[in-house]
Amino acid sequence: MDNRHDQSTYLGRLKFFSELTDPRNLLASKQEIEEAVNLVKQVKQQNGPVDEKYWKAKKIVDSTIHPDTQEPILLPFRMASFVPTNVPIIAFMLIPNPSISMILFGQWVNQSVNVAFNYFNANKSAPMSMNETMLAYTAAVGSSCTIAVGLSQWLQRAKVSQSMRSILSRVVPFTAVAAAGTLNVFLMRRKELVDGIQVQDQYGQTIGASKIAGQSAISQVAISRIVTAAPALFVPGLILSRLENGFLKRHPRLTMPLNLLTVTGSLLVALPCAIALFPQKASMKVEKLEPEFQKMRDSKGNPLQSVYFNRGL
């Protein structure tokens, strides 16, 4: 009853995350969310019928309710909001020949939004205080702006051919976003590295906190974010470069709408494909964890084989 799609296969996870990231989930009203939560609880407690009505309710719950806190995620930062929130930001960052102020503004907005998504979708078994959050935010935004401006300045000074410069002009924004985004994830979820995250046995019983599991969770999220960004930063530029001497030369007013359309399409496809690389409910063999887990028993008294944890999104 946890999922209608097999989460042990990539295709099953892709189907699940395609449903979870569907922007139409944002249209669910507060009443519909409450009714969906109640229906899912009722079916689980009473072993009720698992029909299409249940799966529709489960889709709303999965896309709205945080699995650790069981509270609604703030609407602009649910994964269903990822595409509509990021499209205008990426479109702005793809403007050719940006000034230093434009680069700084774009990176500040982009990394501020990334901070919010990382914060609201993180594993909540190791919550950060407000002071820790603000310090992480300052470090994440400051480092991202430094990386972006540094790479941009390097590109301007680089002594390369025009064709190579054209290629690098598309690679540099992705490199900056990927590097800054990865650093952002690690900074915003640093406490999971320091204190570890709660892990459960196969029966859902919490058995302790693991720093190694925390490191695995954060690394998987960072990889997913890089894969998500790649198509949106490369595909629109490639398409527009093919059209700029023909179609767009005759219809220059269509440049921005077409840019937005290709960014939106790239993100809609890339997001579920990227986060489906790893299960949301991750698992690790105990031999890969800290020594204290390797002689533990599960809640049924059997030797512990694997642990499970929410990796976050």
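Analyst: A cavity here is a set of grid points where a 1.4 Å probe fits but cannot get out. Rolling a probe the size of a water molecule over the atoms shows where empty space is left. The model is predicted, and it holds three cavities of 30 Å³ or more.

The largest cavity has a volume of about 230 Å³. Its lining is made up of 18 residues, and those closest to the centre are Asn110, Asn114, Val177, Arg225 and Ala229. Four helices each supply at least two residues of this lining: H4 (82–93), H5 (100–120), H7 (162–188) and H9 (211–243). By class, the lining of the largest cavity has 10 nonpolar residues, seven polar and one charged.

The second largest cavity has a volume of about 100 Å³. Of the 14 residues lining it, Asp62, Ile73, Asn121, Gln280 and Leu313 lie nearest its centre. The lining of this second largest cavity divides into six nonpolar, six polar and two charged residues.

Next, the packing. In soluble globular proteins, nonpolar side chains tend to be buried together. The largest nonpolar core in this model has 28 residues, and Phe17, Met79 and Leu267 have the most contacts inside it. Helices H1 (10–20), H4, H5, H7, H9 and H11 (255–275) each give two or more residues to this core. H4 gives the most, with six residues.

Apart from its neighbours within four places in sequence, Met79 is in contact with Leu20, Thr21, Phe117, Asn121, Leu271 and Leu313. Two of these partners, Asn121 and Leu313, are among the residues nearest the centre of the second largest cavity. A second, separate core has 13 residues, including Ile197, Val199, Leu289 and Val307.

Asp62, named above for the second largest cavity, falls within helix H3 (residues 52–64). The 13 residues of H3 should span 18 Å at 1.5 Å a residue, and the end C-alpha atoms are 19 Å apart, so the two values agree. The buried residues of H3 are Tyr54, Trp55, Ala57, Lys58, Ile60, Val61, Ser63 and Thr64. What covers these buried residues includes H1 and helix H2 (30–46).

Key:
Residues are numbered from 1 along each chain as its sequence is written. This is a predicted model: local features need pLDDT of at least 70, side-chain atom pairs count only at pLDDT 80 or more; totals for chains, interfaces and linings use all residues. Side-chain values use heavy atoms; hydrogens and water are left out. On a 1 Å grid over the protein atoms alone, a cavity is a set of points where a 1.4 Å probe fits but cannot get out, and a pocket is an open set with protein on both sides within 12 Å along at least five of seven lines; lining residues have an atom within 4 Å of a point. Grid points are joined across faces, edges and corners, and a volume is the space filled by probe spheres set on the points. Ala, Val, Leu, Ile, Met, Phe, Trp, Tyr, Cys and Pro count as nonpolar, Asp, Glu, Lys and Arg as charged, and the others, Gly among them, as polar. A nonpolar core is a set of buried Ala, Val, Leu, Ile, Met, Phe, Trp, Tyr and Cys residues joined through side-chain atoms within 4.5 Å. Buried means under 20% relative accessible area, exposed over 50%, partly exposed in between (1.4 Å probe, protein chains only). Contact means heavy atoms within 4.5 Å. The expected span of a helix is 1.5 Å times one less than its number of residues.
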